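Hi,

Here is the structure I promised to send over. Have a look at it first, and my notes follow below.

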Amino acid sequence: MHLIASLVNSRALKLLSGYRVVRLALNLVDSDPILKARTTRGRVAIALYIVYRALGYSKTRSKLLASKACRVSVKSLERVEKAYRWRVGELEVRARELLERLAREEKLPPIPLL
């Protein structure tokens with residue numbers, strides 16, 4: 001069982017290596033003591049969910065995409081989002097600001113509101 005958990009966590013961490021914005025969102029998740037207590041895979045899924053929300057995706061679509069990428073259940077993400085709604089919402093706002101700052105620094109077009 002421990003080996004399987006390690007493999008799944010390594011897959012989630014592999015997502016971080018290619019996407020700077022997900023690493024930055026994970027730093028936001030890790031700055032919250034309650035969310036930081038989640039598993040590695042869970043924290044990466046929350047970070048990915050936050051990034052999708054910051055990009056303007058719907059909650060349902062964001063949960064589905066994050067759960068597929070990190071191999072966590074949609075129900076698991078729904079429980080976290082429901083239990084810590086105000087914290088996750090706060091992180092979404094901070095992630096949106098972060099994305100906008102990165103877009104300005106790297107001379108990218110503004111992130112559209114969907």
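What percentage of the 114 residues in the protein chain do buried residues make up? The answer is 39%, where buried means under 20% relative accessible area, exposed means over 50% and partly exposed is in between (1.4 Å probe, protein chains only).

Before the rest, some ground rules. This is a predicted model, in which local features need pLDDT of at least 70 and side-chain atom pairs count only at pLDDT 80 or more, while totals for chains, interfaces and linings use all residues. Residues are numbered from 1 along each chain as its sequence is written, and side-chain values use heavy atoms, with hydrogens and water left out.

On to the fold. The protein chain has seven helices and zero strands, counting DSSP runs numbered from the N terminus (helices are H or I, at least four residues; strands are E, at least two).

Now the inside. The largest nonpolar core has 29 residues; a core here is a set of buried Ala, Val, Leu, Ile, Met, Phe, Trp, Tyr and Cys residues joined through side-chain atoms within 4.5 Å. Helix α4 (40-54) is one of those that supply at least two residues each, along with α2 (20-30), α5 (59-70), α6 (74-83) and α7 (85-105). The largest share, ten residues, comes from α4. V29, I46, L48 and I50 have the most contacts inside the core. Taking I46 and skipping its neighbours within four places in sequence, its contacts (heavy atoms within 4.5 Å) are V29, L35, R38, L77 and V80.

Not counting residues up to four places away in sequence, R87 touches D32 and I34.

Lastly, the aromatics. There is one aromatic pair, by a rule that pairs rings of Phe, Tyr and Trp (its six-membered ring) if their centres lie within 6.5 Å, with planes under 30 degrees apart counted as stacked, over 60 as edge-to-face and the rest as tilted. The ring centres of Y52 and Y57 are 5.2 Å apart and the planes are at 70°, so this pair is edge-to-face. Y52 is buried at 19% relative accessibility, whereas Y57 is partly exposed at 31%.

Cheers
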